[in-house]
Every structure is written in structure tokens, then in C-alpha cells.
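I opened this notebook to record what I looked up, entry by entry. The structure comes first, and my notes follow.

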Amino acid sequence: MVVLLFYNIGLHFCHNVKRYTCLASILFFFIASSSFTYPDAISLNVSFISDFDKEAEQKEYYTLDSLEAVSSESEAELASNTPVDKDKIIEEEDNGLSEDQELAQGFVLANQIDDLDDSEDDFKETEDSSEVSFDKTDWKLILVNKQHPIPEGYEFPFGDINESMHCDKRVISPLMAMIKDAANTGINLAICSPFRDNDRQEGLFSRKINNYLEAGLSYKDAYNVTSQAVTVPGASEHQIGLAFDIVCGTYYSLDEGFGDTAAGKWLADNSYKYGFIVRYLKGKENITGIEYEPWHFRYVGVDAATIMHEQDLCLEEFWDMYLYD
């Protein structure tokens, strides 16, 4: 009986060898080439903090009380805690750290904030979030990530933060309110990397891959590491005008250390009141597919932001609980 059992099992596989070979090949290719997962186990001996990129680009910040932008050396030199005038934000040179260290050029004086159009100011604090219902077609809740690229033909009302910095017009009012309220508590916030178009995103992604290729990584490994720090073109929230990188006048580096600053803590505790969330939370990397970014904020509206803040949810988890049928 044992012999017959193994004989029939072997005969089955023999008769279906092509089918199982194809299945195994597909499975192997899927595992080997997928870039949407967060490869915790991969050890590439390459830090996200690097100075591979040799191109110097002049960058500027939007800040409540900055009066001018000044040039800086590379990030490797900036990392030594260079003294900074509290009324200025030092520009960073692109060094391949992450998507969000490709800072959008733009700068505006503090007295220009009151001149911004407040007609879209419809945000308010939620009294009872448990009774709120959500619609997956709501522009504020659009899910954009590696598995959910920007819908073809997606459009939004284009608004100007200043001459060179733009975003979804409907977000400007709560954004300005958050900056003003932070300033009233003694925290001077600075905005960088608002809207980016697809060409800009493709350029960032390609250049980051080339940096890692020059460092000796294979293309597959370079792509995987890049996709953890730079969103794949067509899947970046910066392209829909709802995402912002926010730092402060005393800490201008876009790294995890910002989360430990007074500004980072204030934003983590209060940004939801204005409809913003820390988009890529610590400990959620395997869900978002992006490393922890305490400086990256996404507008989702006050109702959704309140729930996500109270329940410690990232946007993907919020969709699973409140929007998927």
C-alpha cells in the first residue's frame, strides 16, 4: 500500500510536470521581483543616509518667519549640527536620502500668509467621530500607494502657496491655520516638498536608483531600496497636492530625529485637528511600504484624521476598517 501510494503520487506529478513547473516559476518570479513589500530581512549594507548624489540643487523652504534662504554644503556636512539662525532655514542639497529630501523650490514671507484665500476653509474639529461615515470617492481620502496608483485623469483645483510652491487649493486654508497656531505656541514650522509633477517624480526615482547602482547594488536591490524611500512615479501623494514635508527653523533635516523635536511632537499631537496625519508611521513600514517619516504629512480631513490619530492607524488600515466593503 505504501509503495502504491508513493507510486501514484509520483505518477501524478510526472503527468503534470509542466503545470507544476510553470506554477513554481511564476511563484519564484513573483517573490523575487516584487517591490511592493518592505524587505525587512534584506541586508544590503547601504544606509538610506548617504551622500551618493553629487548633483547640487538649490532648495528653499516656506516658513512662517524666514526672511531669506542661504546656500549650504552637502548633507554629510550639514549632519554635524551646523548652527542655524532661528530666522532662517538652510537649504539642503539633494543627497539621495529619500523622496522627501528632494525639496521643492519655493519661499514666501510671513506677512503673505494673511493674504491667502480662505474661501475653502471648511475644516472643523469633530465632536463625535464614532458617528461619522466615510465615502471612498471623497477626494480627501483617496488612497495613493504602490498598489493604488493615481487614477488616470485625476484632477484637482490647483492652488498656489507662493510663486513656486503649489498644492490642492482646498488644503491651503487648514495648512495655514496649522502653521499660525503652531507659531502662537512658539514653534516655527517650515514647509517643503508640496506638489510635484510626474516628470519630477520620475527624475527623483531614476536618479536614486542610479545612486545605488553606482554604489554597487544590483538593479533589483537598488529598485527595492529606492521604493522604500522614493515613491514610485504615479503613486506619490505629492503628485495629487495633498502631501507636505514639514520641518522647523531649529531642525531642518528630513530624518527620524525630527520626530523627537518640539515641532515634530507638536505636529504628531495636533496636526489631526487640522485634518493632517503623519502618513508613514513608525512600526507600519510593512503596511505602507515606506520607511518611517515623521516629517511627511498628508491631508485627509479632520474626521478621518481624528480617528486615525485616536486609533493609531495609517491610511491603509483606515481604508480596511472604514472604506472597503
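Against which element do the buried residues of α5 pack? I worked from a predicted model, and in it I found that the buried residues of α5 pack against α6, residues 219-229.

Entry on helix α5. I noted that α5 covers residues 198-214, with 17 residues in the helix. I looked up its reach from the first C-alpha to the last and recorded 24 Å, close to the 24 Å expected at 1.5 Å a residue.

Entry on the buried residues. I listed Q201, L204, F205, R207, K208, I209, N211 and Y212 as the buried residues of α5.

Entry on the two ends. At the start of α5, I found a side-chain oxygen of D197 within 3.3 Å of the backbone nitrogen of D199. Just after α5, I noted that G216 takes a positive phi of about 105°.

Entry on N145. I then turned to the loop between β3 (89-90) and β4 (158-160), where N145 is found. Is N145 buried or exposed? I recorded N145 as buried, because its relative accessible area of 5% falls under the 20% cut-off.

Entry on the surroundings of N145. Leaving aside residues up to four places away in sequence, I found that N145 touches A235 and E316. With the side chain of E316, the side chain of N145 makes a polar contact at 3.0 Å. I also noted a polar atom of the N145 side chain 3.0 Å from the backbone nitrogen of Q147.

Key: Residues numbered from 1 in each chain as written. Predicted model: local features only at pLDDT ≥ 70, side-chain atom pairs only at ≥ 80, totals over all residues. Heavy atoms only, no water. Helix = DSSP H or I, 4+ residues; strand = E, 2+ residues; numbered from the N terminus. Expected span 1.5 Å × (residues − 1). Buried < 20%, exposed > 50% of the residue type's maximum accessible area, 1.4 Å probe, protein only. Contact = heavy atoms within 4.5 Å. Polar contact = N/O pair within 3.5 Å; in protein donor to acceptor, adjacent residues only side chain to side chain.
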